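This report describes one protein chain for a reader who has not seen it before.

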Amino acid sequence: MFFRLLIAALLLPLRVRLCVRTLSPARGRAVAEAEPSPVAPTALAVAVGVVGGVYGIGGGSLLGPILAARGLPMTRVAPAALAATFATCVVGAVVYALLSLTSVGDVVPDRWLGLACGPGGLVGGSIGTRLQPCLPETGLRLLLGGLAAGLGTLYAVQALA
């Protein structure tokens, strides 16, 4: 229940900021002002990777909406989201390795689930990469905001039910 409320609390305000910022962009703001320093996305990717590894969710699914809501162009959001997903994988592998050394019971990841999800992620990422240049950025931002709202609402309803 706590996990669902935490994700809902993260996604719902993020959705509002993302959609409002997309529909009414600030006038006169330079793109350089919206971009963080080179260290910020890396630090955020590591933090999201750790949180994603702890909760067992992809880091890119957390980082993508955060960076898009900040106003970064989608061409900059995708590499950072991939870096967060990679950090999540590394943290997960390290945690499993440490748990196997210190745990009495059998600690192994679900390899069949990983083998099933890996090709699906690869196909989805490839399709998204090919379609992204064909879609307007405003549409992508609104789609991301809508997905964040839907998932946040679903998690809030499930947690409170």
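## Overall make-up

From the N terminus on, the elements of the chain run α-α-α-α-α-α-α. That comes to 7 helices and 0 strands, where helices (H or I, at least four residues) and strands (E, at least two) are DSSP runs numbered from the N terminus. The model is predicted: local features need pLDDT of at least 70 and side-chain atom pairs count only at pLDDT 80 or more, while totals for chains, interfaces and linings use all residues. Residues are numbered from 1 along each chain as its sequence is written, and side-chain values use heavy atoms, with hydrogens and water left out.

## Surface and contacts

The chain has 161 residues, and 26% of them are buried. Buried means under 20% relative accessible area, exposed means over 50%, and partly exposed lies in between (1.4 Å probe, protein chains only).

Contact means heavy atoms within 4.5 Å. Among contacts between residues at least 6 apart in sequence, 77% join residues at least 24 apart.

Helix α1 covers residues 2-23 and includes T22. T22 is buried, with a relative accessible area of 14%. Apart from neighbours within four places in sequence, T22 is in contact with T138, R141 and L142.

Helix α7 (residues 137-160) packs against α1 at an angle of about 155°, and the two axes are 7 Å apart. The pair is therefore roughly antiparallel, a term for angles over 145 degrees. Axes here are lines fitted to C-alpha atoms, for helices over the stretch in contact, and angles run from 0 to 180 degrees between N-to-C directions. The buried residues of α7 include L140, R141, G145 and A148.

## Helix α5

Helix α5 has 29 residues, 74-102, and should span 42 Å at 1.5 Å a residue; its end C-alpha atoms are 42 Å apart, which agrees. The expected span is 1.5 Å times one less than the number of residues. Among the buried residues of α5 are M74, V77, A80, A81 and A84.

A93 also lies in α5. With 48% relative accessibility, A93 counts as partly exposed. The C-alpha atoms of A93 and P109 are separated by 8.8 Å, although these residues are 16 apart along the chain.

Definitions and conventions. Angles under 35 degrees count as roughly parallel, over 145 as roughly antiparallel, 65 to 115 as roughly perpendicular and the rest as oblique.
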